[in-house]
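Thanks for coming. Please have the picture open.

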Amino acid sequence: MTNSYPVNFHGSYLLYAVLLLLACLVVLQSNRVREMQMELRELRQWTLLVCGNREESSPDDVSRCGIFDPDRRTKWNGVRVKRDVKKRGSRQQRCTAEGGEFLHLVPLSSLSDDENDFTVVKWAPGQSLGAGLRVSGETVTVETAGTYFIYSQVLYKDTTWTMGHVIQKNLHGIESSLMKCIQSMPSNITVAQNTCYTAGVHYLEQDSTLKLCIPRKSAGLVLRPHTTFLGMFRI
């Protein structure tokens with residue numbers, strides 16, 4: 001009998017502590033629920049103030065306020081899709097009518113001229129718009145004269161101390177260099193990879209031709225569409 005009293009006392013104390021902890025948790029949870037209810041009421045009031053009545057909401061209100069209605073959303077999306085397609089079609093027609101020529105080229109192969117110590121790249125159309133630019137092998141022929149933005153990039157894998165390329169224009173047999181790009185290269189073949197990018201704005205006459213030329217014979221190039229490319233568009 002002398003040992004049961006301390007055991008019962010400690011057991012009752014532990015039970016009271018657990019009950020007190022549970023009561024505190026219930027109070028905290030109730031406070032959190034009330035806070036969430038207040039935040040929800042404020043959000044509803046804000047939505048009503050900004051978006052107005054749901055039944056009178058417009059497609060723009062649906063996009064802005066997040067109102068979800070499958071039937072109405074399908075109807076509005078159908079109208080919006082038709083409108084976007086119509087806008088894209090009219091924009092493309094306008095660009096073509098205004099001479100919005102665009103040509104992006106991807107590499108096919110490279111050709112080395114050992115006698116003259118240079119390498120050229122043969123191209124294939126990647127993307128194009130209009131009929132003002134035409135590619136054939138390594139040259140691009142300008143059918144429509146105008147001011148063009150020209151860009152080019154080449155990924156070199158070569159240990160020659162410097163690598164680079166030149167954008168050359170030929171007009172009635174007269175050659176000129178429009179842009180040049182020079183890049184230093186590491187001497188270790190395992191890390192000897194560098195890209196060289198250049199771009200500029202130039203006026204191109206009708207029947208003029210462009211060519212990307214690397215002033216190195218048997219130049220080491222990485223001929224992949226995302227690493228080596230040439231493009232131009234009329235501005």
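C181 and C196 are both buried, where buried means under 20% relative accessible area, exposed means over 50%, and partly exposed lies in between, with a 1.4 Å probe and protein chains only. Before I go on: this is a predicted model, so local features need pLDDT of at least 70 and side-chain atom pairs count only at pLDDT 80 or more, while totals for chains, interfaces and linings use all residues. Residues are numbered from 1 along each chain as its sequence is written, and side-chain values use heavy atoms, with hydrogens and water left out.

Back to the two cysteines. A disulfide, meaning a pair of cysteine sulfur atoms within 2.5 Å, joins C181 to C196, with 1.8 Å from S to S. C181 sits in strand β7, residues 174-184, and C196 in strand β8, residues 193-204; the two are 15 residues apart, and the pair links distant parts of the chain. The link is left-handed, with -110 degrees about the S-S bond. How many disulfides does the structure hold? One.

Two further cysteines are worth a word. C24 counts as partly exposed because its relative accessibility is 41%. C213 counts as buried, because its value is 8%.

Now the chain. It has three helices and 10 strands; these are DSSP runs numbered from the N terminus, with helices being H or I of at least four residues and strands E of at least two. In order from the N terminus, the elements run α-α-α-β-β-β-β-β-β-β-β-β-β. Of the 235 residues, 30% are buried. A contact means heavy atoms within 4.5 Å. Among contacts between residues at least 6 apart in sequence, 65% join residues at least 24 apart. The chain exposes about 15600 Å², and carbon and sulfur atoms supply 56% of that area, by the Shrake-Rupley method with a 1.4 Å probe, where for residues only the protein chains shown count as cover.

Last, the threonine. Where is T228 found? In the loop between β9 (209-214) and β10 (229-234). T228 counts as buried because its relative accessible area is 0%. Leaving aside residues up to four places away in sequence, T228 touches P107, W123, Q153, V154, L155, V222 and L223. P107 is 121 residues from T228 in sequence, yet their C-alpha atoms are 6.6 Å apart in space. As for V222, its backbone oxygen is reached by the side chain of T228 at 2.7 Å.

Note on methods:
A polar contact is a pair of N or O atoms within 3.5 Å; within protein, one must be able to donate a hydrogen and the other to accept it, and residues adjacent in sequence count only if both atoms are side-chain atoms.
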